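Hi everyone, thanks for coming along. Let me put the structure up on the screen, and then I'll walk you through it.

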Amino acid sequence: TAARLLGGVAIADSNPAAVAGAETVLIGVPDRAIAEVAREIAAGGHDLGGVCFLHLAGALDARVLEPLRACGAATGSLHPLQTFPDRVAELVDEQI
């Protein structure tokens, strides 16, 4: 659903090639798996400059994405319950 609302695609694994060419990647896996996913993507050897990786963990900060940042990506954490007032009104209008 998030991928559709953001105009993206959903992928079901950490295949490094799957993120090539992406502008923003949301990592939505259990907290315990975030570091491993970040390492796998970083090890893929793709240019990650200009790509923003956000994880949806509730308990971890952006440091868990350090392997991606070291490859030139922007990183951050985005709690799933964070609000975006401007976009929320737009989404409500779309679903009515």
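**Salt bridges, core and confidence**

Let's begin with the charged side chains: there are two salt bridges here, a salt bridge being a side-chain nitrogen of Lys or Arg within 4 Å of a carboxyl oxygen of Asp or Glu. Before I show you where they are, a word on the model. It is a predicted one, where local features need pLDDT of at least 70 and side-chain atom pairs count only at pLDDT 80 or more, while totals for chains, interfaces and linings use all residues. Residues are numbered from 1 along each chain as its sequence is written, and side-chain values use heavy atoms, with hydrogens and water left out.

Back to the pairs. Asp-61 bridges to Arg-63, with the closest N and O atoms 2.5 Å apart. Asp-61 counts as partly exposed because its relative accessibility is 33%, and Arg-63 is exposed, at 67%. For those words, buried means under 20% relative accessible area, exposed over 50%, and partly exposed in between, using a 1.4 Å probe and protein chains only.

The other bridge joins Arg-69 and Glu-66, at 2.9 Å from N to O. Both residues lie in helix H3, residues 66-69, three residues apart, or about one turn of the helix. Arg-69 is partly exposed at 47%, and Glu-66 is partly exposed at 33%.

Now let's step back to the chain itself. The protein chain has four helices and three strands, running α-β-α-β-α-β-α from the N terminus on. Helices (H or I, at least four residues) and strands (E, at least two) are DSSP runs, numbered from the N terminus. Of its 96 residues, 25% count as buried.

What sits in the largest nonpolar core? It has 16 residues, and Ile-27, Ile-41, Leu-48, Phe-53, Leu-65 and Leu-68 touch the most other members. Strand S1 (24-27) and helix H2 (31-42) each supply at least two residues of this core, and H2 gives the largest share, five residues. By nonpolar core I mean a set of buried Ala, Val, Leu, Ile, Met, Phe, Trp, Tyr and Cys residues joined through side-chain atoms within 4.5 Å.

Take a look at Ile-27. Leaving aside residues up to four places away in sequence, Ile-27 touches Val-37, Phe-53, Leu-54, His-55, Leu-56, Leu-65 and Leu-68, where contact means heavy atoms within 4.5 Å.

Next, please find Gly-76, in strand S3, residues 74-77. Is Gly-76 buried or exposed? Gly-76 counts as buried, because its relative accessibility is 10%. With the sequence neighbours up to four places away again left out, Gly-76 touches Phe-53, Leu-54, His-55, Ala-62 and Leu-65. Phe-53 is 23 residues from Gly-76 along the chain, yet their C-alpha atoms are separated by 6.5 Å.

What about the cysteines? The count of disulfides is zero, a disulfide being a pair of cysteine sulfur atoms within 2.5 Å. Cys-52 is partly exposed at 23%, and Cys-71 is partly exposed at 31%.

Finally, confidence. The chain averages a pLDDT of 78, and 69% of the residues score at least 70; pLDDT is the predictor's confidence in each residue, from 0 to 100. Where pLDDT is low, the predicted coordinates should not be read in detail.
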